[in-house]
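Dear colleague,

Please read the notes with the model open beside them.

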Amino acid sequence: CGCDARRRRARPRAAPAMVDLTALAAGGAAGLAVDVSLFPIDTVKTRLQAPAGFWKSGGFSGIYRGLGSAAVGSVPGAALFFGTYENAKPLAASIVGDGPAVHMMAASMGEIAACLVRVPTENVKQNLQAGTFRTTGDALRGIMAENGPRGFLKGYFSTVMREIPFSMIQFPLWEGLKKAAAARHEDGLVRSYESAAAGSVSGAFSAAVTTPLDVVKTRLMLRVDVNGIPYNGMVSTFQRILNEEGARALFSGIGPRTMWIGIGGFVYFGVYERARIFFGPS
């Protein structure tokens, strides 16, 4: 009848989900804090993984080479990750229900988005760290001359394939440790230092486990081996390293990588929680 039609027309619509802008701002602040403060450890890790080896790639000299490109990419990359991660969790929950799978799916979506920013800056940064180019301008021109704009996305697939397993381990572990910590307090709220400690433990463990994927990613971004032979494809590069250098080479840089991400996890998640409070509604 007409009354039913009017009631249907008058039924209020659900408000559209709002983008979590606090996560964008907090993620950007956290990313910048880690990438700048721990950059020397990242340089050591990259040079250990380079085909030429640590000393021929520069040793301890020019330890901040590539910092500019890292700083430029860290804010948008981290902001894009956390913005996607926080906003994807309700969608993930509607698909897989509650539990660790929610964080796995949301983190994977965050990594796919963030790598669109992270990979171009990583290409420039790692080539500077390994001594392939001397200046940022040289790196930009060299990468463009060799492969055109697509050269800046070299290693995108291998980076995503490194980051997704990393995040699928790290984020459920981080969220689980935070939940356990929050249960110890009467107000049920996790403290920022507890989130930082959980981030450190989960990050260090995830970093160690995924080091072989990181080595493959580094080789692809550096493009060629010591003889100038190009690396092509993730599987092919993995097999070449294994056959030519042995399994040990796949764990090159595991010490600096684990230390960098362990310390970085403490800073990253600690800053993230504090920044969410700072940027959030008062």
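Arg162 is buried, with a relative accessible area of 7%, where buried means under 20% relative accessible area, exposed over 50% and partly exposed in between, computed with a 1.4 Å probe on protein chains only. Its side chain and that of Asp214 meet in a salt bridge with an N to O distance of 2.4 Å, a salt bridge being a side-chain nitrogen of Lys or Arg within 4 Å of a carboxyl oxygen of Asp or Glu. This pair links distant parts of the chain, since Asp214 lies in helix α9 and Arg162 in helix α7 (residues 156–182), 52 residues apart; helices here are DSSP runs (H or I, at least four residues), as strands are (E, at least two), numbered from the N terminus. Asp214 is itself buried, at a relative accessible area of 0%.

Before going further, please keep in mind that this is a predicted model, in which local features need pLDDT of at least 70 and side-chain atom pairs count only at pLDDT 80 or more, whereas totals for chains, interfaces and linings use all residues. Residues are numbered from 1 along each chain as its sequence is written, and side-chain values use heavy atoms, with hydrogens and water left out.

On confidence, the protein chain averages a pLDDT of 87, and 92% of the residues score at least 70; pLDDT is the predictor's confidence in each residue, from 0 to 100.

Asp42, at 3% relative accessibility, counts as buried; Lys45 and Asp42 are three residues apart in helix α3 and so are separated by about one helical turn. Helix α3 (residues 39–49) is mostly covered, with 10 of its 11 residues buried, and those buried residues pack against α2 (21–37), α4 (67–96), α5, α9 (211–222) and α11 (254–279).

A search of the whole structure finds 22 salt bridges. Those that share partners join Asp42, Lys45, Glu111, Arg118, Glu122, Lys125, Arg162, Glu163, Asp214, Lys217 and Arg257 into one network.

Glu111, in helix α5 (residues 100–129), is buried with a relative accessible area of 5%, and, leaving aside its neighbours within four places in sequence, is in contact with Phe81, Arg118, Glu163, Ile164 and Ser167. The C-alpha atoms of Glu163 and Cys115, 48 residues apart along the chain, are separated by 8.7 Å.

What does the search for enclosed space give? It finds two cavities of 30 Å³ or more. A cavity is a set of points, on a 1 Å grid over the protein atoms alone, where a 1.4 Å probe fits but cannot get out, and lining residues have an atom within 4 Å of a point; grid points are joined across faces, edges and corners, and a volume is the space filled by probe spheres set on the points.

The largest cavity has a volume of about 690 Å³, and of the 32 residues that line it, the closest to its centre are Asp35, Arg118, Glu163, Trp260 and Tyr268. The largest share of this lining, seven residues, comes from α11. The second largest cavity holds about 30 Å³ of space, and Asn123, Asn127, Ile143, Asn147, Gly151, Lys154, Met221 and Arg223 line it.

With best regards

Notes. Contact = heavy atoms within 4.5 Å. 1 Å grid on protein atoms, 1.4 Å probe; cavity = no way out; pocket = protein on both sides within 12 Å on 5 of 7 lines; lining within 4 Å.
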